[in-house]
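Here is a friendly walk through one model, from its overall surface down to single residues. Please keep the sequence and the 3D view open as you read.

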Amino acid sequence: MLSLNPKNNSERENYKLLIGSIVPRPIAFVTSVGEDGTINGAPFSYFNIVSSSPPMISIAIQRKNGERKDTSRNIAEKHEFVVHIVDEDNVDKINITAASLPPNESEIDKADLTLVSSDSISTPGIKEAKVRFECILEQIVELGEEGAITTDLLIGKIVRYHIDESIYEQGRINSDTLKAVSRLAGSNYAKIGEVFSIKRPD
């Protein structure tokens, strides 16, 4: 078995090992509002649950040349955002939003997505997602090493769920009808695939 010291790797070498090993990764499509009112939309696969009491999620956003990306900067300023679950029906449009655009250009317009008002915050979501979470910023943790900040870890508290009736069954989400997709390495995505059960020990 290979034994590698991450300090001897480049950032890209570490990136390839991580995204190839930690699979599949759920994808958060995040909408936020810029200082000039531009609606920003971007997908992130460094995303997961933090807590169910209260309901919180985390998104890690890598900085570019030490500068916060639009999503991270917008959330730091506005303290709110919307997270959508990416699924088989919207993944093609969401993929378009991964393009690098100037801060005053909206990925929502470029991908021809439909904005929908939120109930508890001012940031809108998109109609094309079967699940969306209205979130307020709980905390930003700046991460890095040797004095350089390379990543913003955003923790958001969910203040409103929006769930399509087609996937909602007595308080649970039907994964077959949600059809969530996840990220692998490179340009590859994954569907849920075969599901199996193992009983937990008592």
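Predicted model: local features only at pLDDT ≥ 70, side-chain atom pairs only at ≥ 80, totals over all residues.

## Surface and overall dimensions

Residues are numbered from 1 along each chain as its sequence is written, and side-chain values use heavy atoms, with hydrogens and water left out.

Of the 202 residues of the protein chain, 39% count as buried (buried means under 20% relative accessible area, exposed over 50%, and partly exposed in between, with a 1.4 Å probe and protein chains only). Along the principal axes, the C-alpha atoms fill a box of roughly 50 × 50 × 35 Å.

## Secondary structure and contacts

The protein chain has five helices and 14 strands. These are DSSP runs numbered from the N terminus: helices are H or I with at least four residues, and strands are E with at least two. Among contacts with a separation of 6 or more, 61% link residues 24 or more positions apart (contact means heavy atoms within 4.5 Å).

## Hairpins and strand pairing

How many bridges join S9 to S10? There are 14, and the two strands pair in the antiparallel sense; two strands count as paired if DSSP finds at least two bridges between them. Cys-135 stands opposite Ile-158 in S10. The S9 and S10 hairpin has two residues between its strands, and Glu-146 takes a positive phi near 55° there. S10 also runs antiparallel to strand S5 (residues 55–62), joined by seven bridges, with Ser-58 opposite Ile-155 in S10.

Another hairpin is made by S2 and S3: it has five residues between the strands, and Gly-37 takes a positive phi near 90°. Six bridges join strand S2 (residues 28–33) to S3 in an antiparallel arrangement, and Phe-29 faces Pro-43 in S3. Strand S3 (residues 39–44) is mostly covered, with five of its six residues buried.

## Helix H2 and its neighbours

In helix H2 (residues 70–78), the buried residues are Asp-70, Thr-71, Ser-72, Asn-74 and Ile-75. The buried residues of H2 pack against S2, S3, S5, strand S6 (80–85), S9 and S10. After H2 comes His-79, whose phi is positive, near 65°.

The structure holds one aromatic pair. The ring centres of Phe-133 and Tyr-161 are 5.7 Å apart and their planes are at 85°, so the pair is edge-to-face; rings of Phe, Tyr and Trp (its six-membered ring) pair if their centres lie within 6.5 Å, with planes under 30 degrees apart counted as stacked, over 60 as edge-to-face and the rest as tilted. Because Phe-133 lies in strand S9 (residues 131–145) and Tyr-161 in strand S10 (residues 148–163), the pair ties together parts that are 28 residues apart in sequence. Phe-133 is buried at 13% relative accessibility, whereas Tyr-161 is partly exposed at 47%.

Ile-158 also lies in strand S10, and at 11% relative accessibility Ile-158 counts as buried. Leaving aside neighbours within four places in sequence, Ile-158 is in contact with Pro-55, Ile-57, Phe-133, Glu-134 and Cys-135. Ser-122 is 36 residues from Ile-158 along the chain, and their C-alpha atoms are separated by 14 Å.

## The three-stranded open sheet

Three strands form an open sheet in the order S1-S13-S14, with antiparallel pairing. Strand S1 (25–26) and strand S14 (189–190) are the edge strands, each pairing on one side only. Two bridges join strand S13 (residues 182–183) to S14, and Ser-182 stands opposite Ala-190 in S14.

What lies over the face of Tyr-189? Arg-183 does, at 4.7 Å from the ring centre; a charge sits over a ring if NZ of Lys or CZ of Arg is within 6 Å of the ring centre and within 35 degrees of the ring normal.
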